[in-house]
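Hello,

Here is the structure for you to look over. My notes follow below it.

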Amino acid sequence: MRATGLALICLSFLACGGDDDDVPPTSEVTTELCDYAPLAPTANSGGTVAAGALEAGASERILHIPIGTALGGYTGRAGFISSAGSVDARKVDLPGTFNPSIGVTTAPRVKALALKAGGETVVIIKADIIFVYEGMVFDLEQRLGVEFAGKVMIAVSHSHSGWAQFTGHGPLKLGAGQMRDLVYQRFLDDFEGVAREALAKLEPAKLGVFADSQFDMDDVINRDRRGDNDMLPGGDNAGDEHLFLIRVDRTDGSPIAIVPVFGEHGTLNGEDNPFASADASGGIEHALEEQFADPVVILHLQGAGADVSPAGHGGLDCANKPGKSSDPCFSWTSEEGHGRGAIPTLMAAYDAAGTVMKDSLELEMITRSIETGPFPETFAIRDGTVRYDNFDPEQLPDGVVVDGSGALIPTIDEFHAQVGAGLCETAEPMFPAAQIPGTEGVLPYGSCLKLDLAAEILEPIFDIDFGVDETHPVCESTRTTISALRIGEYVLGTLPGEVSVLIADLVRAKSPVGADKTIVIGYSQGHVGYLLRPEDWVLGGYEPSVTFWGPLEGEYIAEQLIALVPMAMTPVREDAGEGSTRVATPVMVDPMEIDNPAQGAGSIPTEIPSVTWSRTGTPTTAQPAAQIPRVSGIATFTWIGDDPQVKTPRVTLQRDVAGTFEPVRRRSGRVVEDTELVLAYTPSPLQRSGPQTHVWVVEFQAVPWWGAAGLDALDDRGGVPLGNYRFHVEGDGWAIDSNAFEIVAGGVVIGQPQRSGGKLRGTAQWHAPKGWRLMDMNLKSNQPIPVRSQLVSVQLIGATGNLGPAAAVTTDANGVAQVDDNVLATQIKITDRFGNSSTVAIP
């Protein structure tokens, strides 16, 4: 989660003073205002763990979250900080002080894998959101029933373009927006729905696991993003070098689900992107899905993603874009490039996992809520040898963090923040009124903001209640959740936050089943921010800035997981949550007005409101053009629909097959309903003064969709099938279709022809200047892309017409086609293997 916008706010308050004379000693800090709920007894506790025949079921669905909901991950999307993610003057109540989302590209999804063996049933949920709110875990357990107490794991993609506004954690709302009941309940509805679907599909199965501790050493898939800790042992790793892949098949060998586990941030899209997207993880899943002829459910789970970035491939040339409102430049191409780059490695892992499949195994899951703040003694680690001195705000620190040998001083007296602190990044104070006294010049304590003092400034600005004061910590920061899931000889251990490589290495090294059988799952079961080892935390940099209980919190939580793992490996089913409590989900009252029914919903406008926004500008007509050329052509359809708080429309692409329009399907059997279809929404008028008209626009670029039969390689981009297509839209009790549009040949351009030595050379290129689909793994996709190493037809043309027959030529690696020259030739025509052609004059 990126919180750099907070630094700008804090700098604007440098002149603010503060009076610490009345700050109470640590002993007066209390959690008496926190509403805790006891954990339900772990289901099946008291029984015996034994191997049993495996059953599995999996399902997936698009998250039905209203467009307008804030996207999580970038504090810069707060409207008063910057215009990041803003495209016009719209004002929407739903996101509060954050800029609203405006549409969907690769739709964020939720997926579920249910496993059953030996009398135990567990459900793994993976969602495309920024982090897990702990309340989701327990609220979903309650919905599913007592037999699922302690048996539900929720993990997320950490997409920085996923829907947010679901957390009750006050400080984390700075990157996720105000919690809304409408949004939270929609999340739970979809989580419950997909879980029940997976459970209903349980059938005899077998499972295998592949492990690789030398994963992606050449940074094709991910890379290290934290240079601050390169001097630490293991700190200069190439990224998360551990890959695990869990393969789940039916007993006949047909795949049910694939679970690749490795860490990377969901940051291929920046804060300027206002479209919901599954980001890097979604690119991985889409690419892997289309390697199969059936809808295999792919759940990419995060490993150590805290200090790892995804390796993007492809992109757009934004240098000459005139502005985000008239010709926006969103680099969604990198998602597809990221997925394509990972396929060889992941398919090899899938094949390897297939050699070790088992149809009978032990299965047990245990979940525990653990205490974190506000008491310093809680965080003692390494058998109590490394600890906080105290959290006494009246005691000045000695300012010495490491000894003469560079080793961490084991008694830490710099973190005197009795209710927690954040933004610990540098040695210099960014907000003196809220700094920890006596830490100026001490890395990274100097910039720490005590939450109780920072809240006084930030709460009214963000219109967010931190739920903290000088004697009461943020309740959600006083508890977090960990789980251990045994699958045969393997164990999945969850950590509630952004797991660093060094923390994951620690858990694997201490695990009783060995590092090669210990699968660390980050961004799971809750969220405390970044999880770093103390030696890493004190080096400063961005990552320590999103923590709340200082340098010991990360390793303390890791040690709690290390202690939990052995319980999952015993032959006794234990109640791991006995006596523990979790923070109750708050009760919310939403302030939004909703148009239900919306005026004109399900109609096609004769005149499009002038405020209507789409990537290519306000449409001039509602219907798509009659003909759309391949590659460069974009079909656009506009209609009046529902208020997004009621329903986001489902739009699918259909094709005329023998006189009947049928859904376009991918190789996997999935319907084309996102990624290739970009959905944008505009309220009219932009700011509510009464009922609004809800205008929707969909765009489709005429290149092959993911999983197009025989056309899935990048050198097939000119080959989208010709014919008649249309958009089909389903709303709240209504459906409409666009006019048909015909995809025709086009999209080829010819670079400057050159004559030399009796030869004529022309460069065949595909060019989509306003496109957003990936055209090349290295070049910018909105620039001309060479038609490389492909058979083309070259026709020389003179004053009287064609000069002889066309020549069949294979282009070189730069797309150059070379033929014998003819001095009478004044034009050259190049036709690619799909029948797209272009003719240009020969200079």
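**What I found**

Strand 3 and strand 8 (residues 203–212) pair in the antiparallel sense over 2 bridges. There, Ala56 has Glu203 of strand 8 as its bridge partner. Please keep in mind that this is a predicted model.

Strand 3 (residues 55–62) also pairs with strand 5 (residues 109–117), antiparallel, over 8 bridges. Ala58 sits opposite Leu113 of strand 5.

**Strands 6 and 7**

Strand 6 (residues 120–127) runs parallel to strand 7, with 5 bridges between them. Ala127 has Val156 of strand 7 as its bridge partner. Together with helix 2 (residues 134–144), these two strands make a right-handed β-α-β unit.

Strand 7 (residues 152–156) has 5 of its 5 residues buried, so it is largely enclosed by the rest of the structure. Val152, Ile154 and Val156 point one way, Met153 and Ala155 the other.

Helix 6 (residues 451–462) spans only 14 Å between its end C-alpha atoms, whereas a straight helix of 12 residues would span 16 Å. Its buried residues include Leu451, Leu453, Ile457 and Phe462. Asp463 follows the helix, with a positive phi near 55 degrees.

In helix 7 (residues 501–510), 7 of the 10 residues are buried, so the helix is largely enclosed by the rest of the structure. Arg508 is one of the buried residues, as are Val501 and Leu502. Among the elements covering them are strand 14 (308–310), strand 24 (518–521) and helix 9 (553–568).

**Disulfides**

The count comes to 3 disulfides. Counting bonded cysteines along the chain, the pattern is 1-6, 2-3, 4-5.

- Cys34 and Cys475: the sulfur atoms are 2.1 Å apart. The link is left-handed, at -95 degrees about the S-S bond. The two cysteines are 441 residues apart, with Cys34 in the loop between helix 1 (4–11) and strand 1 (36–38) and Cys475 in the loop between helix 6 and strand 21 (479–487). Both are buried.
- Cys318 and Cys329: the sulfur atoms are 1.8 Å apart. This link is left-handed too, at -75 degrees. Cys318 is partly exposed at 36% relative accessibility, and Cys329 is partly exposed at 21%.
- Cys424 and Cys448: the sulfur atoms are 2.0 Å apart. The torsion about the S-S bond is about 125 degrees, so this disulfide is right-handed. Both cysteines lie in the loop between strand 19 (421–422) and strand 20 (449–450), so the pair ties together parts that are 24 residues apart in sequence. Cys424 is buried at 0% relative accessible area, and Cys448 is buried at 0%.

Best wishes

Technical notes. Residues are numbered from 1 along each chain as its sequence is written. This is a predicted model: local features need pLDDT of at least 70, side-chain atom pairs count only at pLDDT 80 or more; totals for chains, interfaces and linings use all residues. Side-chain values use heavy atoms; hydrogens and water are left out. Two strands pair if DSSP finds at least two bridges between them. Helices (H or I, at least four residues) and strands (E, at least two) are DSSP runs, numbered from the N terminus. Buried means under 20% relative accessible area, exposed over 50%, partly exposed in between (1.4 Å probe, protein chains only). A crossover is right-handed if, with the strands pointing away from the viewer, the path from the first strand over the helix to the second runs clockwise. The expected span of a helix is 1.5 Å times one less than its number of residues. Contact means heavy atoms within 4.5 Å. A disulfide is a pair of cysteine sulfur atoms within 2.5 Å.
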